[in-house]
Amino acid sequence: MAGRAAPWRTAWITGGSSGLGRELSLRLAREGVRVAVSARSGERLSELTWGQSNLLAVPLDVTDRTAVSEAHRRIVAEFGSLDLAVLNAGVWHPMRATDYDADRAVQSMAVNYFGIVNALDVLIPAMTSAGRGHIGLVASVAGYRGLPMAAAYAPSKAAVISLAEVLRPELAPRGIVVSLVNPGFVETPMTSVNAFPMPFILKADDAADRIYDGLVRGRFEIAFPWQLVAMMKVLRILPNALFLRIAGRMAV
Ligand SMILES: NC(=O)c1ccc[n+]([C@@H]2O[C@H](COP(=O)([O-])OP(=O)(O)OC[C@H]3O[C@@H](n4cnc5c(N)ncnc54)[C@H](OP(=O)(O)O)[C@@H]3O)[C@@H](O)[C@H]2O)c1
């Protein structure tokens, strides 16, 4: 897909071994960006980066703060500097309130929210001292409002959305751009477990192109597809009584 040239020389993508992160890493590499790709599975990262001079495998678990900090140090040593970081690693554990499980809820928060927190802890000081940088936080339209089956997932994504809103204006004067990525349904290993209908579902390469384009333009929110985004944004502004009636119907 032709598009705008990448304004970054180097990038770090977490959750890059499959799905959206993998496609975005490949897109950035095709645009001439040197990309460090992280996930837990070193084997899948090696398969992805094998023979690709612009891709560097940096395995890590985003819930391990020390490992995240060491990975960042390694990437900066290898690349000289880091221009873009897309914090995309995530897990989806479908969970109804009637099937509530603290382990799944805690793990969702640990990866989807605290995984981002761990990376910000090293990225913000480094980018602040460089006086430039771009950070993309991957949340979801599921973070707009709590919906059935998302008792573990939605709160973790709502937290990311809130964090991005805090960071963008405070980091802009330091030369750091913060973008928030809110995808709808995308065909990836994550959604392959879903038995329910997924309206307006996109291919992963199409979604990655949309993310790339939004990042290049320096957008705050990169949300797609518009049809699902519009539906979810309407739910967000509905009065609670009406929203809860609709959510109650979706839950049965
Ligand atoms: N697909 C969708 O419909 C959709 C919609 C909205 C938002 N999103 C969000 O988009 C992001 C990417 O999702 P996806 O659909 O591409 O899912 P995916 O194919 O399952 O990819 C998830 C990635 O995260 C990595 N990961 C998971 N736990 C990790 C950990 N503790 N440390 C490091 N890496 C970890 C996985 O690799 P390892 O297992 O090897 O660690 C994998 O590379 C997620 O944040 C997801 O919530 C997806």
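This is a predicted model: local features need pLDDT of at least 70, side-chain atom pairs count only at pLDDT 80 or more; totals for chains, interfaces and linings use all residues.
Student: Hi! Let's start with the ligand. How many residues surround it, and which are the closest?

Tutor: Hi! The ligand is surrounded by 31 residues. The closest are Ser17, Ser18, Arg40, Tyr153 and Thr188.

Student: What sort of residues are they, by class?

Tutor: The shell around the ligand has 15 nonpolar residues, 12 polar ones and four charged ones.

Student: And which helices supply at least two residues of that shell?

Tutor: Helix H1, residues 19–30, does, and so does helix H5, residues 153–171.

Student: You mentioned Arg40. How far is an N or O atom in its side chain from an oxygen atom of the ligand?

Tutor: That distance is 2.7 Å. Lys157 also has a polar side-chain atom by the ligand, 2.9 Å from one of the ligand's oxygen atoms. With Gly90 it is a polar backbone atom, and the ligand oxygen is 3.5 Å away.

Student: How much of the ligand does the protein bury?

Tutor: The protein buries 94% of the 890 Å² that the ligand exposes when taken alone.

Student: OK, new topic: the backbone. Where is the cis peptide bond?

Tutor: Look between Phe224 and Pro225, where omega is about -10 degrees. Pro225 sits in the loop between strand E9 (221–224) and helix H7 (226–237).

Student: What about Met149, what is its phi?

Tutor: Met149 has a positive phi of about 80 degrees, although Met149 is not a glycine. You'll find Met149 in the loop between strand E5 (133–138) and H5.

Student: Is Met149 buried or partly exposed?

Tutor: Met149 is partly exposed, because its relative accessible area is 24%. Phe200 is another residue other than glycine with a positive phi, near 60 degrees. Its place is in the loop between strand E7 (186–187) and strand E8 (202–203). With a relative accessible area of 38%, Phe200 is partly exposed.

Student: Let's move to Thr10. Where is it, and is it buried or exposed?

Tutor: Thr10 is in strand E1, residues 10–14. Thr10 counts as buried because its relative accessible area is 0%.

Student: What does the side chain of Thr10 reach?

Tutor: It reaches the backbone nitrogen of Asp83, at 3.0 Å. Beyond its neighbours within four places in sequence, Thr10 is in contact with several residues, including Val33, Phe79 and Leu84.

Student: Tell me about Asp83 then. Where does it lie, and which residues does it touch?

Tutor: Asp83 lies in the loop between helix H3 (65–79) and strand E4 (84–87). Asp83 is buried, with a relative accessible area of 7%. Not counting residues up to four places away in sequence, Asp83 touches Trp8, Arg9, Thr10, Met127, Arg132, Gly133 and His134.

Student: Last topic, the nonpolar cores. How many residues are in the largest one?

Tutor: The largest nonpolar core has 45 residues. Those with the most contacts inside it are Trp12, Leu87, Leu120, Leu123, Ile135 and Leu137. Among the elements that give two or more residues to this core are H3, E4, helix H4 (102–130) and E5.

Student: Pick Leu123. What is it in contact with?

Tutor: Setting aside neighbours within four places in sequence, Leu123 is in contact with Trp12, His72, Leu82, Ala85, Leu87 and Ile135.

Student: And which residues does the second core include?

Tutor: That separate core has 31 residues, among them Leu55, Val186, Ala207 and Val216.

Terms used:
Residues are numbered from 1 along each chain as its sequence is written. Side-chain values use heavy atoms; hydrogens and water are left out. A residue is near a molecule or strand if one of its heavy atoms lies within 4 Å of it. A polar contact is a pair of N or O atoms within 3.5 Å; within protein, one must be able to donate a hydrogen and the other to accept it, and residues adjacent in sequence count only if both atoms are side-chain atoms. Accessible areas come from the Shrake-Rupley method with a 1.4 Å probe; for residues, only the protein chains shown count as cover. Helices (H or I, at least four residues) and strands (E, at least two) are DSSP runs, numbered from the N terminus. Ala, Val, Leu, Ile, Met, Phe, Trp, Tyr, Cys and Pro count as nonpolar, Asp, Glu, Lys and Arg as charged, and the others, Gly among them, as polar. Buried means under 20% relative accessible area, exposed over 50%, partly exposed in between (1.4 Å probe, protein chains only). Contact means heavy atoms within 4.5 Å. A nonpolar core is a set of buried Ala, Val, Leu, Ile, Met, Phe, Trp, Tyr and Cys residues joined through side-chain atoms within 4.5 Å.
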